[in-house]
Amino acid sequence: SLSAATETFLEWGLKYADREKTWRDRVFPHGYKRNKILNNSESIERFKNLFNILKKKFIIFFVGTISKSYHNPYILLDAAKKFLNYNDIHFIIAGDGDLFADLKEEAQKLKNVTLTGWLDKEEIEFFLKHARIGVCPSTKVVDLPTNKSYSYLSFGLPIISAFHGDLKSIIEKHQIGFYYPPNDVNALASYIKTLYEDKELYAKMSANARRVFDEMFDADKIYEEYAEYIEKIVRNYKFL
């Protein structure tokens, strides 16, 4: 039997094994375990001044490693420049990495961008609770999954993503956001503007995002099903 984190990986494994898919072959995404009760007192205190400024803003949120790898979030600065005349749109970039110092220097030139630095899980969820859009940037065509998408969906955030593979298919099939080609800042900005202006579409995609998370990416549900899957494989095991 084969289990994989994405359909793309499972298809690769079956092709490598040179066999057809059977009931023994399943996809179990990594998913996300959302805190049942948010205790944000420390998070609120740490970011109290920022929160007072941004609590009524339309926040575009990125969380992840800030590095020169394929998910380099630098494109968010270029997108932010296109919204400098929008007083209620703000970009928050959370995380740390080898590109953080350079990104921070550039971000200081933009009034609508904030870098938080490294956040723990509770602090991440504090910002997810107040964000409106989650972004998954990529500098090249990538079929890998990205764990940040699951955290975005858990809070009902529509996703704007440059990832190919399963995430692109899920976004398009379930209408939970938009795919944009890697490095295409005009497309990224256009989709942000669409979700900002079209409140009905935003509400629909947000509701879809929550539903998709509950059905497909809730870690508690995923690993319960995974345990049942392993037990079923063992019960049906036969020596060849």
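A polar contact here is a pair of N or O atoms within 3.5 Å; within protein, one must be able to donate a hydrogen and the other to accept it, and residues adjacent in sequence count only if both atoms are side-chain atoms. With that rule, the side chain of D25 makes a polar contact with the side chain of R19, at 2.7 Å.

Before going on, some ground rules. This is a predicted model, in which local features need pLDDT of at least 70 and side-chain atom pairs count only at pLDDT 80 or more, while totals for chains, interfaces and linings use all residues. Residues are numbered from 1 along each chain as its sequence is written, and side-chain values use heavy atoms, with hydrogens and water left out.

Back to D25. It sits in the loop between α1 (7-17) and β2 (26-27); helices (H or I, at least four residues) and strands (E, at least two) are DSSP runs, numbered from the N terminus. D25 is buried, at 2% relative accessible area, where buried means under 20%, exposed over 50%, and partly exposed in between, with a 1.4 Å probe and protein chains only. A polar atom of the D25 side chain also lies 3.0 Å from the backbone nitrogen of L2. Leaving out residues up to four places away in sequence, D25 touches S1, L2, L10, L14, R19, E20 and Y229, contact being heavy atoms within 4.5 Å.

The D25 and R19 side chains also meet in a salt bridge, 2.7 Å from N to O. That term means a side-chain nitrogen of Lys or Arg within 4 Å of a carboxyl oxygen of Asp or Glu. R19 is partly exposed, at 33% relative accessible area. How many salt bridges does the structure hold? There are six.

Among them, E172 and K168 meet at 3.1 Å, N to O. Both lie in helix α8 (residues 165-174), four residues apart, about one turn of the helix. E172 is partly exposed at 47% relative accessibility, and K168 is partly exposed at 21%. Another is E215 with R211, the closest N and O atoms being 3.5 Å apart. That pair lies in helix α10 (residues 199-217), again four residues apart. An α-helix has 3.6 residues a turn, so residues three or four places apart point the same way.

Now the strands. Which residues of β3 (residues 58-63) are buried on each side? F58, I60 and F62 are buried on one side, and I59, F61 and V63 on the other. β3 runs parallel to β4 (residues 89-94), joined by six bridges; strands pair if DSSP finds at least two bridges between them. In β4, H90 is the bridge partner of I59. From β3 the chain crosses through helix α4 (residues 75-81) to β4, and this β-α-β crossover is right-handed: with the strands pointing away from the viewer, the path from the first strand over the helix to the second runs clockwise.

β3 also runs parallel to β6 (residues 133-136), with two bridges. There, I133 is the bridge partner of I60. Beyond its neighbours within four places in sequence, I133 is in contact with residues including F58, F61, L157, I192 and Y202.

Last, the core. The largest nonpolar core has 66 residues, and those with the most contacts inside it include F61 and I133. Such a core is a set of buried Ala, Val, Leu, Ile, Met, Phe, Trp, Tyr and Cys residues joined through side-chain atoms within 4.5 Å.
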